[in-house]
Amino acid sequence: MKLISVKNAEYQIIQALKTNRVKRSQTHEVFVEGIESIKQLLNTDIEITRVIIYDEKNLSDWGKNLVTKHKSKLINMSFDLYKELCDREEPSEVLVTAKIKPISLEDLSLPEKPFILIFDRPSDYGNFGSILRSANSFNVDVILVIGHGIDVYDPKVIRSSLGGIFHAKIIQIESMKVLENWIEIQKGKSHLQVIGTDSTGSVSLSNTKLEKPIALVLGNEAKGMSVALKNLCDVIISIPISGNVNSLNVANAASIFMWEVYKNEMSL
């Protein structure tokens with residue numbers, strides 16, 4: 001067990017994992033706050049690299065079991081330093097860091113009828129986390145992220161996903177050309193349909209049956225889909241709504257579209 005009462009090198013590393021996307025990318029490590037997120041992480045084979053606590057004597061039984069299992073990776077920190085790492089007003093009893101396993105398109109294995117989500121330049125941590133929760137609930141096989149946006153492993157995303165991120169396959173696509181070539185290959189394999197989602201779409205969801213194999217394309221929260229992504233779509237679909245607002249939050253819209261695919265799959 002390590003004891004940290006000053007801002008030493010180990011503390012600086014942990015803080016960097018929380019605040020610095022470059023550090024997370026270089027080390028493939030993430031910082032996790034929130035008991036539910038940690039519990040979901042523990043339900044995977046992802047390696048825990050640190051268990052961080054400030055009050056070992058008053059841990060819950062769950063916390064004590066976690067500490068016992070990862071005793072060699074335990075860091076006991078002064079409360080003042082621990083609280084600086086926490087975003088919550090009342091810190092949870094445990095923080096962890098973990099080693100993620102990035103995957104590429106070359107590594108990806110998909111079922112015969114895949115369910116794919118493509119997100120164009122996500123810019124809101126909470127939205128992306130909510131989308132990950134829905135993607136896990138509705139059996140999305142992979143989430144492809146294209147364009148410059150948030151770091152998908154930011155602690156805010158992890159927390160808002162309630163740990164759903166640890167059950168997701170997420171791939172950052174390096175260029176539109178790479179995506180176009182990959183989609184063309186998938187269409188040859190499974191007759192994949194690429195469905196754009198936009199409030200200005202000419203086809204209403206109420207008149208459409210969404211079924212696998214399918215790739216749903218979500219646009220950036222403020223700018224919508226790029227022209228290149230629109231051109232990649234076979235059709236662009238809108239959700240019929242009434243009221244004074246003219247569009248839905250992207251996480252809400254995405255959940256509706258994912259539910260439609262899931263519902264139709266369950267009815268087979």
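Residues are classed as buried under 20% relative accessible area, exposed over 50%, and partly exposed in between (1.4 Å probe, protein chains only). The structure is a predicted model, in which local features need pLDDT of at least 70 and side-chain atom pairs count only at pLDDT 80 or more, while totals for chains, interfaces and linings use all residues. Numbering runs from 1 along each chain as its sequence is written, and side-chain values use heavy atoms, with hydrogens and water left out.

Secondary structure is assigned from DSSP runs (helices, H or I, at least four residues; strands, E, at least two), numbered from the N terminus. Helix H1 spans residues 9-19, and its buried residues are Glu-10, Tyr-11, Ile-14, Ala-16, Leu-17 and Lys-18. The N-terminal end of H1 is capped by Asn-8, which places a side-chain oxygen 3.3 Å from the backbone nitrogen of Glu-10.

Salt bridges (a side-chain nitrogen of Lys or Arg within 4 Å of a carboxyl oxygen of Asp or Glu) number 17 by this rule. Glu-10 pairs with Lys-2 at a closest N and O separation of 3.4 Å. Glu-10 is buried at 16% relative accessible area, whereas Lys-2 is partly exposed at 45%. Both residues belong to a network of salt bridges that also includes Glu-29 and Arg-50.

A salt bridge also joins Asp-87 and Lys-18, with the closest N and O atoms 2.8 Å apart. This pair links distant parts of the chain, since Asp-87 sits in the loop between helix H5 (79-85) and strand S5 (95-99) and Lys-18 in helix H1, 69 residues apart. Asp-87 is partly exposed at 42% relative accessibility, and Lys-18 is buried at 12%.

The side chains of Asp-45 and Lys-101 form a salt bridge at 3.5 Å, N to O. Here too distant parts of the chain are linked: Asp-45 lies in the loop between H3 and S3, and Lys-101 in the loop between S5 and strand S6 (115-120), 56 residues apart. Asp-45 is exposed at 60% relative accessibility, as is Lys-101 at 54%.

Thr-49, in strand S3 (residues 47-53), is buried at 18% relative accessibility. Polar contacts are pairs of N or O atoms within 3.5 Å; within protein, one atom must be able to donate a hydrogen and the other to accept it, and residues adjacent in sequence count only if both atoms are side-chain atoms. With neighbours within four places in sequence left aside, the contacts of Thr-49 (heavy atoms within 4.5 Å) are Glu-29, Lys-73, Thr-97, Ala-98 and Lys-99.

Gln-40 belongs to helix H3 (residues 35-42) and is buried at 19% relative accessible area. Gln-40 and Phe-166 are 126 residues apart in sequence but 6.9 Å apart in space, C-alpha to C-alpha. Not counting residues up to four places away in sequence, Gln-40 touches Leu-162, Gly-163 and His-167.

Disulfides (pairs of cysteine sulfur atoms within 2.5 Å) come to a count of zero. Cys-86 is buried at 9% relative accessible area, and Cys-233 is buried at 12%.
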